[in-house]
Amino acid sequence: FAKSFKGGPADIEKTAVTCINDKNSLGINRAESFLRLSALYLRQKKYQEALDACKSIFDEPSASLMQKASALTQRVMIVCSDPSSTTEKVASELAAFEAFGVAAPKQKYDTYGAVSSFFISGKDNDKALGYAEKQLANAAVYDKGKVLNSIAAIYDAMNKKDKAVETRKQAVAHLRSQLFPTVPVGVFGPMMANDLFDALNGIPDATTTEKKEAADIAISHKVCP
């Protein structure tokens, strides 16, 4: 059923609404429809509609625990993206996510990343750093370099240049361990090479040769995005 959500926004909305309006639809499929609608509305910046779709998932008795956790993750991402959101509103949605107690590492990664970005935009670097560190603790190996670069950028904003460089060097060490001697097959190889290039650009004594090596991996990879 989840694979039926394909095509453009209109196709996704049609699939979801058709399922939701069909009284014979399985509850777990209705929950998935609300989840997909919420993601669509978030991309369209229809924040209240996105929140309402997430709320409807909890009205489906047969919705899975993972769907509910995804809905709570999505709600945090929605309020963090909404320019009108207050710190209190973000804190409330984050508390609901953490209280639920059932979440995959990817859901925690997305949640804490969204909260960190919210505080970056609000110039609260201490909180942004704290949540970025929580995001790092839940990052997959191919995302760790990107998060370390984000943490380094927060240190830059805090005028902690030495810590920023130290963090970027951690990113370089991690990314090189993933990219050498063999670059991973698939999209993650060039993505990590791009993160390596970004990290090297923030290290004063990084050489042009090192930067070119990282750039060449990203550009020449067969699956370069």
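Mentor: Let's start with histidine 174, which touches Val141, Lys144 and Gly145, leaving aside residues up to four places away in sequence. Contact here means heavy atoms within 4.5 Å. Keep in mind that this is a predicted model, where local features need pLDDT of at least 70, side-chain atom pairs count only at pLDDT 80 or more, and totals for chains, interfaces and linings use all residues. Residues are numbered from 1 along each chain as its sequence is written, and side-chain values use heavy atoms, with hydrogens and water left out.

Trainee: Why is histidine 174 called buried?

Mentor: Buried means under 20% relative accessible area, exposed over 50%, and partly exposed in between (1.4 Å probe, protein chains only). Histidine 174 has a relative accessible area of 15%, so it counts as buried. Histidine 174 is found in helix α9, residues 161–179; helices are DSSP runs (H or I, at least four residues), numbered from the N terminus.

Trainee: What makes α4 roughly antiparallel to α5?

Mentor: Their axes come within 9 Å and cross at roughly 165 degrees. Axes are lines fitted to C-alpha atoms, for helices over the stretch in contact, and angles run from 0 to 180 degrees between N-to-C directions. Angles under 35 degrees count as roughly parallel, over 145 as roughly antiparallel, 65 to 115 as roughly perpendicular and the rest as oblique. The angle of α4 with α5 is therefore in the roughly antiparallel class.

Trainee: And how do you know which class the angle between α2 and α3 belongs to?

Mentor: The α2 and α3 axes come within 8 Å and cross at roughly 165 degrees, so these two helices are roughly antiparallel as well. In their contact, residues including Phe34 and Leu37 of α2 meet residues of α3, among them Ala53 and Ile57.

Trainee: What makes a set of residues a nonpolar core?

Mentor: Such a core is a set of buried Ala, Val, Leu, Ile, Met, Phe, Trp, Tyr and Cys residues joined through side-chain atoms within 4.5 Å. The largest one has 44 residues, and Leu37, Ile57, Ile78, Cys80 and Val115 have the most contacts inside it. α2 gives the most to this core, with seven residues.
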